[in-house]
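Please read it alongside the sequence and the coordinates.

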Amino acid sequence: MELNIRDSVMATVSCSTSKGVYVELENGQSAYAVFDRLPVGTGVYCTVLKKATERWLTLVSIDSVRYDEFSAA
């Protein structure tokens, strides 16, 4: 599945750092978002801001946290 800028996708947090979070998109791609720490496995809805290049991951903004999955984690 090819992602375009401004596409909305579901994702799962795969790693959380002090600077942001790494997420696994629904199509299997890895992406990065500047966001406060979230537990690994948390589901989020996000929007694609920049496509991936050879050097950088896809940049996304987290629009909302899926609380049904957040409370179960």
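Val-44 touches Val-9, Met-10, Ala-11, Val-13, Val-23, Leu-38, Ile-62, Ser-64, Val-65 and Arg-66, leaving aside residues up to four places away in sequence; contact here means heavy atoms within 4.5 Å. The model is predicted, so local features need pLDDT of at least 70 and side-chain atom pairs count only at pLDDT 80 or more, while totals for chains, interfaces and linings use all residues. Residues are numbered from 1 along each chain as its sequence is written, and side-chain values use heavy atoms, with hydrogens and water left out.

**Core**

Val-44 is also, with Val-23, Leu-25 and Val-60, one of the residues that touch the most other members of the largest nonpolar core, which has 16 residues. A nonpolar core is a set of buried Ala, Val, Leu, Ile, Met, Phe, Trp, Tyr and Cys residues joined through side-chain atoms within 4.5 Å. At least two residues of this core come from each of β1 (8-16), β2 (21-25), β3 (30-33), β4 (43-50) and β5 (58-65). Strands (E, at least two residues) are DSSP runs, numbered from the N terminus.

**Strands**

The five strands form a closed barrel in the order β1-β2-β3-β5-β4, with mixed pairing. Neighbouring strands of this sheet are turned by 55° against each other on average, direction ignored; the axes are lines fitted to C-alpha atoms, and angles run from 0 to 180 degrees between N-to-C directions. Two strands pair if DSSP finds at least two bridges between them.

β1 and β2 pair in the antiparallel sense over five bridges, and Leu-25 in β2 is the bridge partner of Ala-11. These two strands form a hairpin with four residues between them. β2 and β3 are also antiparallel, over four bridges, with Ala-31 in β3 as the bridge partner of Val-23. In their hairpin, four residues lie between the strands, and Gly-28 in the turn has a positive phi of about 95°.

In a regular strand the side chains alternate between the two faces of the sheet. In β2, the covered face holds Val-21, Val-23 and Leu-25, and the uncovered one holds Tyr-22 and Glu-24.

**Charged pair and cysteines**

The structure holds one salt bridge, defined as a side-chain nitrogen of Lys or Arg within 4 Å of a carboxyl oxygen of Asp or Glu. Its partners are Lys-51 and Glu-2, at 3.5 Å, N to O. Lys-51 lies in the loop between β4 and β5 and Glu-2 in the segment before β1, 49 residues apart.

The disulfide count is zero; a disulfide is a pair of cysteine sulfur atoms within 2.5 Å. The sulfur of Cys-46 is too far for a bond, because the closest cysteine sulfur, in Cys-15, is 16 Å away.

The table gives the accessibility of these residues, where buried means under 20% relative accessible area, exposed over 50%, and partly exposed in between (1.4 Å probe, protein chains only).

| Residue | Relative accessibility | Class |
|---|---|---|
| Glu-2 | 58% | exposed |
| Cys-15 | 33% | partly exposed |
| Cys-46 | 1% | buried |
| Lys-51 | 40% | partly exposed |
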